[in-house]
Amino acid sequence: MTASPLQLLLTHGSGPLVFLVLVAGGLGLPFPEDLVQLAAGVLSHRGAMPLTAAIALCFMGVLCGDTVLFLMARRLGQALYTHRRTRRLFTPERRERVQGLYAKHGSRVVFIGRFMSVLRVPVFAMAAAEGMPLRRFLLWDGLALCLSSPLVVTLGYLGSASVDRVAKGVGRVEHFVALAGVAALLVALAVRHARERRQPRPST
């Protein structure tokens, strides 16, 4: 019976391996980043690394993978939609859906895309192809990772005795994280709007 990626990581896992697998997963290879981060939490519980180091390692691994993906997509530009290796990711329906998200949320869609596993790669790649600055991409992606990475790694740490059950629950956790993240974003925007309203307007 073939071992699952999670089982392989738990058997042979180390900090550098977790980092490399997360970078590869960010590029679209079949390594579910949530399971990898769960494995990092379990490895931490087993003494392979401190919990804070596991969280930082996962944060940086995911962010590096996302950054490489972004830079590759930016280099392709509009050819991203027609290149033989990438065009299958951008069906007309998917492009229309992502463009609708951009029209509604602007660059904040990168934050939202972090919690949408099916659309994550298309959202990030289209952000690059459509000219989003790298600094803005890193800002929104980093903010989302500040929520997701600590939670998923800690979940693996606390649930190390029942890894399979925890892994099955990650999908539900992602939805809760997304809701919490969107709520936090709305609060931040409301505070910013209130501050702007309190600022004195220049006299004419």
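This is a predicted model: local features need pLDDT of at least 70, side-chain atom pairs count only at pLDDT 80 or more; totals for chains, interfaces and linings use all residues.

Colleague: Is Leu-89 buried, exposed or partly exposed?

Modeller: Leu-89 is partly exposed. Its relative accessible area is 25%, and the buried class needs a value under 20%.

Colleague: What does Leu-89 touch, leaving out residues up to four places away in sequence?

Modeller: Arg-94, Val-121 and Pro-122. Take Val-121: Leu-89 and Val-121 are 32 residues apart in sequence. In space, their C-alpha atoms are 8.5 Å apart.

Colleague: New topic. Where is Gln-37?

Modeller: Gln-37 is in helix α3, residues 33–45.

Colleague: Why does Gln-37 count as buried?

Modeller: Because its relative accessible area is 1%, and buried means under 20%.

Colleague: And which residues does Gln-37 touch, beyond four places in sequence?

Modeller: Leu-22, Cys-58, Val-62, Ser-149, Val-152 and Val-153.

Colleague: Now the helix pair. How do α4 and α8 pack?

Modeller: At an angle of about 145 degrees, with axes 9 Å apart. The crossing is right-handed.

Colleague: Which residues meet there?

Modeller: From α4, they include Cys-58, Val-62 and Phe-70. From α8, they include Phe-137, Leu-145 and Val-153. The contact divides into 17 nonpolar, four polar and three charged residues.

Colleague: What about the largest nonpolar core? Which members touch the most others?

Modeller: Leu-80, Tyr-102, Val-110, Val-123 and Met-132. That core has 25 residues. Helices α4, α5, α6, α7 and α8 each supply at least two.

Colleague: Which helix gives the largest share?

Modeller: α7, with seven residues.

Colleague: Back to Val-110. What is Val-110 in contact with, leaving aside neighbours within four places?

Modeller: Val-123, Phe-124, Ala-127, Met-132, Phe-137, Trp-140 and Asp-141.

Colleague: How many residues are in the second core?

Modeller: This separate core has 17 residues. Among them are Val-21, Val-36, Ala-54 and Val-153.

Note on methods: Residues are numbered from 1 along each chain as its sequence is written. Side-chain values use heavy atoms; hydrogens and water are left out. A nonpolar core is a set of buried Ala, Val, Leu, Ile, Met, Phe, Trp, Tyr and Cys residues joined through side-chain atoms within 4.5 Å. Buried means under 20% relative accessible area, exposed over 50%, partly exposed in between (1.4 Å probe, protein chains only). Helices (H or I, at least four residues) and strands (E, at least two) are DSSP runs, numbered from the N terminus. Contact means heavy atoms within 4.5 Å. Axes are lines fitted to C-alpha atoms, for helices over the stretch in contact, and angles run from 0 to 180 degrees between N-to-C directions. A crossing is left-handed if the near helix is turned anticlockwise from the far one by less than a right angle, and right-handed if clockwise. Ala, Val, Leu, Ile, Met, Phe, Trp, Tyr, Cys and Pro count as nonpolar, Asp, Glu, Lys and Arg as charged, and the others, Gly among them, as polar.
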